[in-house]
Amino acid sequence: RGVRTSAVTASPGTPVTTAADEIVMLDFADEKSVVQTRFATAQLALLRAHLGEDLTGAVTDAERALSAPLPEITLTAEQFTFLGRGWSYGLALEAALKMREACRAWTEAYPAMEYRHGPISIAGPDRVTWVLGEGARGLRAEVEATGGAFLNSLLDPMAELVLVQRVAVARALAQGLNPDEPLNLTRSVILPS
């Protein structure tokens with residue numbers, strides 16, 4: 001009360017549209033899936049554009065991510081750790097969440113520079129350390145020395161998230177799961193007033 005609020009949403013008619021003072025409506029990104037992928041990416045693109053970034057390269061990389069073959073290890077791995085630096089740490093968290101939601105994968109996410117301070121102990125055979133964006137120098141060798149797989153492409157980190165989303169769908173379908181309707185989840189969390 002007494003503080004102006006803004007909300008970014010893709011769903012017209014939801015409670016947030018009347019609760020906030022200002023609404024940014026991304027209704028083109030509304031989706032039926034409980035696992036929101038298009039909205040997360042559209043929201044980040046909006047932010048980056050408003051910060052003055054040229055997204056031409058990110059768009060080109062996203063097109064590549066849509067057609068690139070999925071790394072074989074990602075289809076069978078028992079565990080994933082996603083890493084990011086700066087703003088791409090948020091993408092690492094989003095990647096881990098989408099994998100958990102869509103295909104019930106065991107995932108973790110950390111800032112890339114903190115990974116060596118304990119979380120690297122989970123690395124090993126049949127496990128993937130996946131960096132979205134710039135990785136830490138020497139980390140590939142350290143992960144590979146454990147027998148773990150290390151993924152870090154030159155794609156824009158937002159486009160790399162698209163690749164992660166494709167992996168989540170492929171794994172879900174291989175397990176007979178519906179990636180759009182995960183167990184125990186609803187599209188929105190609405191708390192009682």
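Helices (H or I, at least four residues) and strands (E, at least two) are DSSP runs, numbered from the N terminus. By that rule, Val143 lies in helix H6, residues 139-145. The model is predicted: local features need pLDDT of at least 70, side-chain atom pairs count only at pLDDT 80 or more, and totals for chains, interfaces and linings use all residues. Residues are numbered from 1 along each chain as its sequence is written, and side-chain values use heavy atoms, with hydrogens and water left out.

Stay with Val143 for a moment. Is Val143 buried or exposed? Val143 has 0% relative accessibility, so it counts as buried. Its contacts can be listed too, where contact means heavy atoms within 4.5 Å. Leaving aside residues up to four places away in sequence, Val143 touches Tyr115, Ile120, Thr129, Gly148, Ala149 and Phe150. Glu108 is 35 residues from Val143 along the chain, and their C-alpha atoms are separated by 15 Å.

Now the sheet. Strands of a sheet pair through backbone hydrogen bonds, either parallel or antiparallel. Here, two strands pair if DSSP finds at least two bridges between them.

Look at E3 next. Strand E3 (residues 79-84) runs parallel to strand E5 (residues 127-132), and 6 bridges join them. Phe80 has Val128 as its bridge partner in E5.

How many of the residues of E3 are buried? The count is 6 of 6, and the strand is mostly covered. In a regular strand the side chains alternate between the two faces of the sheet. Gln79, Thr81 and Leu83 point one way from E3. Phe80, Phe82 and Gly84 point the other way, and all of these residues are buried.

The loops hold two backbone features. Most residues other than glycine have a negative phi, and most peptide bonds are trans. Arg104 has a positive phi of about 60° although it is not a glycine. Arg104 is found in the loop between H5 and E4. Its relative accessibility is 55%, so Arg104 counts as exposed. Asp126 also has a positive phi, of about 65°, and is not a glycine. Asp126 lies in the loop between E4 and E5. With a relative accessible area of 35%, Asp126 is partly exposed.

The next stop is the largest pocket, with a volume of about 430 Å³. On a 1 Å grid over the protein atoms alone, a pocket is an open set of points where a 1.4 Å probe fits, with protein on both sides within 12 Å along at least five of seven lines; lining residues have an atom within 4 Å of a point. Grid points are joined across faces, edges and corners, and a volume is the space filled by probe spheres set on the points.

Which residues lie nearest the centre of the largest pocket? They are Thr37, Arg38, Thr41, Val162 and Gln165, out of 24 lining residues. Helices H2 (38-50), H3 (56-67), H5 (88-103) and H7 (157-174) each supply at least two residues of the lining. H7 gives the most, with 6 residues. The lining divides into 14 nonpolar, 4 polar and 6 charged residues. Ala, Val, Leu, Ile, Met, Phe, Trp, Tyr, Cys and Pro count as nonpolar, Asp, Glu, Lys and Arg as charged, and the others, Gly among them, as polar.

Finish on H7, where Met158 is placed. Met158 counts as buried because its relative accessibility is 9%. Beyond residues up to four places away in sequence, Met158 touches Thr41, Leu44, Ala45, Arg48, Ala58, Trp87 and Leu91.

Conventions
Buried means under 20% relative accessible area, exposed over 50%, partly exposed in between (1.4 Å probe, protein chains only).
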